[in-house]
Amino acid sequence: MDQSETENLILVSRQNGVATITINRPKSLNSLTKAMMNRLAQQIKALGLDDSVQVLVLTGSGRAFCSGVDLTRAEDVFKGDVKDVEGDPVAQMELCKKPIIGAINGFAVTAGFEIALACDILVAAKGAKFMDTHSRFGIFPSWGLSQKLPRIIGAGRAKEASLTANPISAEQAEKWGLVNYVVEQSELMNKANQIAEAIIRNNQDLVLRYKSVINDGLKLDLGHALSLEKERAHEYYNGMTKEQFKKMQEFIAGRSTKKPPSKL
């Protein structure tokens, strides 16, 4: 698979500060080859460093978000270095400082499920399904599913999903707190972009810092996480100039004269 073909399988568009990445291999339900994984990782890294981009939206074309690794080329993928950060899209998503919204348009299976879990916010279309088939095919998880899912939906539910390989519907995922919203398929990208636009309206320096302190705090117990927040708040305010405080006051004064923002 040459580079031009891989580029057509991972599409990127930009508009008003939002970069949309589309996994575009619909005939195979957006299953991933090694080349696609590398391309996806490269694009996420590049967009994370692009000053014109504030939010990333990740989705798939056709009936699936991502059906996982292309098992016809499994040896090529799994015999590689699973610690290779540069070619690992999930690792690059976790390193990305900018918010990533997952627009789950259909099946999110195994590696696709893991990519979804690496997003900061998830919107799912009605009919979307999340499925962990690692145990069915004898594949060991390496993109975080075994650790992230129990922390989101609880150990018992996660064990059932992973050990049975039964699907989780979009509606059930919403009830369990796995996804933020379930919407009609026709409204999926509109909802994702609506959330992105709401994020962009805010102070971008604080958005990046807020995502970071949430993610880093989740790795700690509550006591240490609260101390982390205090430390970063102290560092942030000590670094602000009088001019920045003045601009903050002007911004707050200006907002108080406007109507409150509409609900998401």
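Q: Which element gives the largest share of the lining of the largest pocket?
A: That is α11, with nine residues. This is a predicted model, where local features need pLDDT of at least 70 and side-chain atom pairs count only at pLDDT 80 or more, while totals for chains, interfaces and linings use all residues. Residues are numbered from 1 along each chain as its sequence is written, and side-chain values use heavy atoms, with hydrogens and water left out.

Q: What counts as a pocket, and as its lining?
A: Take a 1 Å grid over the protein atoms alone: a pocket is an open set of points where a 1.4 Å probe fits, with protein on both sides within 12 Å along at least five of seven lines. Lining residues have an atom within 4 Å of a point.

Q: What volume does the largest pocket have?
A: About 1300 Å³. The volume is the space filled by probe spheres set on the points, which are joined across faces, edges and corners.

Q: Which residues are the closest to its centre?
A: Cys119, Asp120, Ile214, Asn215 and Leu218, out of 33 lining residues.

Q: Which elements give two or more residues to that lining?
A: They are α4, α5, β7, α7 (145-153) and α11. Helices (H or I, at least four residues) and strands (E, at least two) are DSSP runs, numbered from the N terminus.

Q: How many of the lining residues are nonpolar, polar or charged?
A: There are 17 nonpolar, seven polar and nine charged residues. Here Ala, Val, Leu, Ile, Met, Phe, Trp, Tyr, Cys and Pro count as nonpolar, Asp, Glu, Lys and Arg as charged, and the others, Gly among them, as polar.

Q: Back to Asp120. What does it pair with?
A: Asp120 forms a salt bridge with Lys211, with the closest N and O atoms 2.9 Å apart. Lys211 sits in α11 (residues 204-217) and Asp120 in the loop between α5 (111-117) and β7 (121-125), 91 residues apart. A salt bridge here is a side-chain nitrogen of Lys or Arg within 4 Å of a carboxyl oxygen of Asp or Glu.

Q: Lys211: buried or exposed?
A: Buried, because its relative accessibility is 11%. Asp120 is partly exposed at 31%. Buried means under 20% relative accessible area, exposed over 50%, partly exposed in between (1.4 Å probe, protein chains only).

Q: How many salt bridges does the structure hold?
A: Nine. One of them joins Lys45 and Glu86 at 3.0 Å, N to O. Lys45 is in helix α2 (residues 34-48) and Glu86 in the loop between α3 (74-78) and α4 (89-95), so the pair ties together parts 41 residues apart in sequence.

Q: What about Asp216 and Arg232?
A: Their side chains meet in a salt bridge of 2.7 Å, N to O. Asp216 is in α11 and Arg232 in α12 (residues 222-238), so parts 16 residues apart in sequence are tied together. Asp216, Lys219 and Arg232 are linked in a network of salt bridges.

Q: New topic. Which residues have the most contacts inside the largest nonpolar core?
A: Ile104, Ile115, Phe130, Leu149 and Leu178, in a core of 46 residues. A nonpolar core is a set of buried Ala, Val, Leu, Ile, Met, Phe, Trp, Tyr and Cys residues joined through side-chain atoms within 4.5 Å. A second, separate core has 15 residues, including Ile101 and Ala192.

Q: And what does Ile115 touch?
A: Not counting residues up to four places away in sequence, its contacts include Leu32, Phe65, Met93 and Trp143. Contact means heavy atoms within 4.5 Å.
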